[in-house]
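Me: I should like to learn how to read a protein model, feature by feature. May we begin with backbone angles and then proceed to helices and the sheet?

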Amino acid sequence: MSALPRSSPAPAPAHAGGAPLGPPTAPLLPRPPVEGLIEAKPANQPESRWRDPRKNVEINIGKACNNRCVFCIDGLPKAEDRSYMPWPQMQAELDRWAAEGYRSVGFLGGEPTTYPWLTEAITHARSVGFSRVTIATNATKLRLRHFADKLLDAGLTRVTCSMHGHTPELEDKLTRVPGNFYKKLDALRYLAARRRADPSILPDGLSVNIVLNGWNHHHLPAMLRFFYEKVGVDDLRANFIRPEGYAEGDAELTPRYAEVVPNLTKAIILAERHFKKVFTFGGFPMCVLPAPLRRDHDLLSRTMGEYRDLSTACSIRSDGGDLTAPGRAFVEGSWVQHPKSSTVHFDEAESRARFNWQDRKRHDLKGHPEACGGCELNHVCEGVWKGYLDIWGVGGFTPVRLAETALGGR
Ligand code: SF4
């Protein structure tokens, strides 16, 4: 994989928010270059004109969270994983990635809105040249107007809200927090209203991220109507459940792809023809998608998230455990449990693991059933979550020929 491009000087602050807030006197940690720590493997994403070209880094602030989603991949995090990334380390991390040419940063957890220095982190990110600054949040805290306004004023440019149901019963059951539905609804409606009143608010979007699972996939078409028409959000993403953490081995929460694809197909058609809004999906191997969708390259590349997702590096707290991948892998002729990761770089001094997300998915977190060996879509398809294969086995996947798709030569 090629080295990350060398840095160019960070551009002048794009946000007029002024000097970094918080504890600016804190000493910065030494800043080793990122180059050599993570490198994206070549051609690890399908080419697409729909992709934002800015390189993105996602920084995990710690795994503490104020929700308890039934499918949370973190399950019950260890005490040290729940601790927050110290502010000086955050500053150093932002400086480091900015110096390497990254212009997009996302803060994730756990729950980033519980991070004590989130406002400072957003302000600092803007001041060192990140033009796209996002949070992936459950949004319950964003119902507090003063808090939401503070993040917007600091220079936040995108919010991705995790919400998985269109009724109080479904949302609260999935997130296991009574009253969550109305808190999130309040937050989303407020942010949507602020954007309508001032189009410069959240210029990179306000999106709802749905984890498709056994309890909600039948409602996907109804969820589109709810979020587009009743909430005022015009960008939805539906990701197939990743059965790790709480959902590991849970066949009720993890439906077979064949059960979900008819609802996914309805949603794609509805979004295209009726609502005319952005709808994307992720986590589905190419061979389970309807053949007409695979043949329609324009529609596929507009809706399949793997075509649109930014090239993303990740930085997470780690005790080194991430150096092994979950599940099994077929390595040199035999099955190996918890194979060595080929993508994670462990920074022992800072207790952080860094990796490219697309590589991590393809080489560590997803498996490749035997059918993949004869499949001509290997260059586009990342494979299947290993947790899915553990539940449902490696059958049911059929190699695809390029000639049967619109992908030949792409
Ligand atoms: S690479 Fe494997 S999982 Fe992906 S489409 Fe081909 S057969 Fe299916």
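Reply: Ala43 is found in the segment before E1, where helices (H or I, at least four residues) and strands (E, at least two) are DSSP runs, numbered from the N terminus. Residues are numbered from 1 along each chain as its sequence is written. This is a predicted model: local features need pLDDT of at least 70 and side-chain atom pairs count only at pLDDT 80 or more, while totals for chains, interfaces and linings use all residues.

Me: What is the phi of Ala43?

Reply: Most residues other than glycine have a negative phi, and most peptide bonds are trans. Ala43 has a positive phi of about 50 degrees, although it is not a glycine. Arg176, in the loop between helix H5 (168-175) and helix H6 (180-197), also has a positive phi, near 55 degrees. The peptide bond from Gly109 to Gly110 is cis, with omega near 15 degrees, and Gly110 lies in the loop between E2 and H3.

Me: Is Ala43 buried or exposed?

Reply: A residue is buried if 20 or more other C-beta atoms lie within 10 Å of its own, exposed if 12 or fewer, and partly exposed in between, with C-beta atoms placed from the backbone. Ala43 counts as exposed because it has 9 C-beta neighbours inside 10 Å. Arg176 has 13 such neighbours inside 10 Å and therefore counts as partly exposed. Pro243, in the loop between strand E6 (235-240) and helix H8 (257-275), has 24 other C-beta atoms within 10 Å and so is buried. Of the 410 residues of the protein, 46% count as buried.

Me: Which residues does Pro243 touch?

Reply: Two residues are in contact if their C-beta atoms, placed from the backbone, lie within 7 Å. Not counting residues up to four places away in sequence, Pro243 touches Glu248, Asp250, Thr254, Trp385, Gly387, Tyr388 and Ile391. Pro243 and Asp390 are 147 residues apart in sequence, yet 9.2 Å apart in space, C-alpha to C-alpha. Among contacts in the protein between residues at least 6 apart in sequence, 77% join residues at least 24 apart.

Me: How far apart are the end C-alpha atoms of helix H2?

Reply: An α-helix has 3.6 residues a turn, so residues three or four places apart point the same way. The expected span of a helix is 1.5 Å times one less than its number of residues. For the 13 residues of helix H2 (residues 87-99) this gives 18 Å, and the end C-alpha atoms are 18 Å apart, which agrees. In H2, the buried residues are Met90, Gln91, Glu93, Leu94, Arg96, Trp97 and Ala98. They pack against strand E1 (56-60), strand E2 (104-108), helix H3 (118-127) and strand E8 (312-317). Just after H2, Gly101 takes a positive phi of about 95 degrees.

Me: How many residues of H3 are buried?

Reply: Nine of the ten residues of H3 are buried, so H3 is largely enclosed by the rest of the structure. What covers them includes H2, E2, strand E3 (132-137) and helix H4 (145-154). Gly129, which follows H3, has a positive phi near 115 degrees.

Me: What is the order of the strands in the open sheet?

Reply: Strands of a sheet pair through backbone hydrogen bonds, either parallel or antiparallel. Here two strands pair if DSSP finds at least two bridges between them. The open sheet has ten strands in the order E7-E6-E5-E4-E3-E2-E1-E8-E12-E11, with mixed pairing. Its edge strands, E7 (278-282) and E11 (345-347), each pair on one side only. E5 and E6 pair in the parallel sense over five bridges, whereas E8 and strand E12 (residues 352-356) run antiparallel, joined by five bridges.
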